[in-house]
Amino acid sequence: MRLFQFELKKIIFGKRFLYIIVFLILCISALFLRNHIFQATIQQEREEHILSAMREGQKNISQLELTIENNPKDEVAKGKIIRMEEIINTLFDMRKAFHAGDWQQELRIENLFLAQLQDYKAMGGEFSYLSEDIKRTLAYNTKHIATNIAPEHETYSTALPNFMKQIIDIIVNFGIIAVVLILVGDSLTTEFEQRSIQFLYTQPLKKSAIIRSKFWSAVIIYGVVTLCSLVTAWGVALLFGKQGTFLYPILIEENGIFSFMTITDYGIAALTSVTVIILFVISLCLIVSLLFKNTIVSLLTILILLIGGYALFAQLSFSNIEWLNPFEYVLAKETIHKVGYDWYKGIGVTLAAAFLCYIISLLRIRFVRTM
């Protein structure tokens, strides 16, 4: 217990930990400030999006009219012109709803526009909107109308739940892994490099206690950093942002089928997933450190294993055993968006890998020499 307390205090009261915490607080605050500044830009982009569609529609009509001039009997081109004129009129109505601030009416009209656009494309017409994007937007708009929850910009929202989700996305997409490696990735290798491991070996304690203290202090540090990040995001958005709702729907696409999770469900899934992979990363860090006893070599090896392992398994198809992948949660956001509510199926194998690395580390240190 004393060794664990010593390890924890050594990290928490170190300058590196203090700098990281201050850096995270400043970055999260700056990110919210950026979102706040871009609110006007969001409105401009939305209107430009509508106007761009109108211009493209007018261009299509001009091209079709040239086709009819060359072939007055082209009934297909005439039908496309009629459909495109309807689309442009719908876009005018959508722009009016946008300026009126009636988001529900705007989404309803946008759905009508997209349905008309699908008909136009089915007639052989060309438009820059991809079919998958049309389906995704239709599903998204329908869900917002049904739940009576106004849509927020995915990147620049200042609503508290949505900003929290943005921070969680950064945390779970390798962000917290990088921070943990910076803070505790060298906790064992420095003992060998500075020869302080010799002092630990002379103390009346088991060698396995060194591994246990390093492991659990790293786990605590992960918890403190994550909690600090979430509390900062909560505080900034609570003071300066919009209220929002944690029932806000998150679109999940699984095998071409669209479904939704609330921000609450997504947050629980994401933070659970990243906690599991962090346990694996810490255990992996310990065993690699015992093998190489060098900070740079160990960290590079861990990064190669994590990135390479995730990339390798992502390229392979495992059919019904696809969850036998200990690197599944290295990019937890991608995993959740890929499999939706089945996100938890990979927990078992990742925890097993973490436990195996931890046990090997406990056994390995008994045979490690100080010289």
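At 51% relative accessibility, Asn148 counts as exposed, where exposed means over 50% relative accessible area, buried under 20%, and partly exposed in between (1.4 Å probe, protein chains only). Asn148 is not a glycine, yet its phi is positive, at about 60°. Its place is the loop between helix 6 and helix 7; helices (H or I, at least four residues) and strands (E, at least two) are DSSP runs, numbered from the N terminus.

The model is predicted: local features need pLDDT of at least 70, side-chain atom pairs count only at pLDDT 80 or more, and totals for chains, interfaces and linings use all residues. Residues are numbered from 1 along each chain as its sequence is written, and side-chain values use heavy atoms, with hydrogens and water left out.

Arg195, also a residue other than glycine, has a positive phi near 65°. Arg195 lies in the loop between helix 9 and helix 10 and is partly exposed, with a relative accessible area of 46%.

## Salt bridges

Side chains of opposite charge can pair when their charged atoms come close. The structure holds 17 salt bridges, each defined as a side-chain nitrogen of Lys or Arg within 4 Å of a carboxyl oxygen of Asp or Glu. One of them joins the side chains of Glu106 and Arg46 at 2.7 Å, N to O. Because Glu106 belongs to helix 5 and Arg46 to helix 3, this pair ties together parts that are 60 residues apart in sequence. Glu106 is buried, at 8% relative accessibility.

Arg95 forms a salt bridge with Glu47, with the closest N and O atoms 2.8 Å apart. Arg95 is in helix 4 (residues 75–100) and Glu47 in helix 3, so parts 48 residues apart in sequence are tied together. Arg95 is partly exposed at 27%, whereas Glu47 is buried at 18%. A further salt bridge links Glu253 and Arg136 (2.8 Å, N to O). Since Glu253 lies in strand 1 and Arg136 in helix 6, the pair ties together parts that are 117 residues apart in sequence.

## Pockets

The largest pocket has a volume of about 1,500 Å³. On a 1 Å grid over the protein atoms alone, a pocket is an open set of points where a 1.4 Å probe fits, with protein on both sides within 12 Å along at least five of seven lines; lining residues have an atom within 4 Å of a point. Grid points are joined across faces, edges and corners, and a volume is the space filled by probe spheres set on the points. The lining of the largest pocket comprises 44 residues, with Tyr140, Pro151, Glu152, His153 and Glu154 nearest its centre.

The second largest pocket holds about 390 Å³ of space. Among its 18 lining residues, Lys10, Ile11, Asp186, Ser187 and Thr190 are the closest to the centre. Helix 1 gives the largest share of this lining, 4 residues.

Phe280 lies in helix 12 (residues 263–292) and is buried, at 4% relative accessibility. The C-alpha atoms of Phe280 and Thr350 are separated by 6.7 Å, although the two residues are 70 residues apart along the chain.
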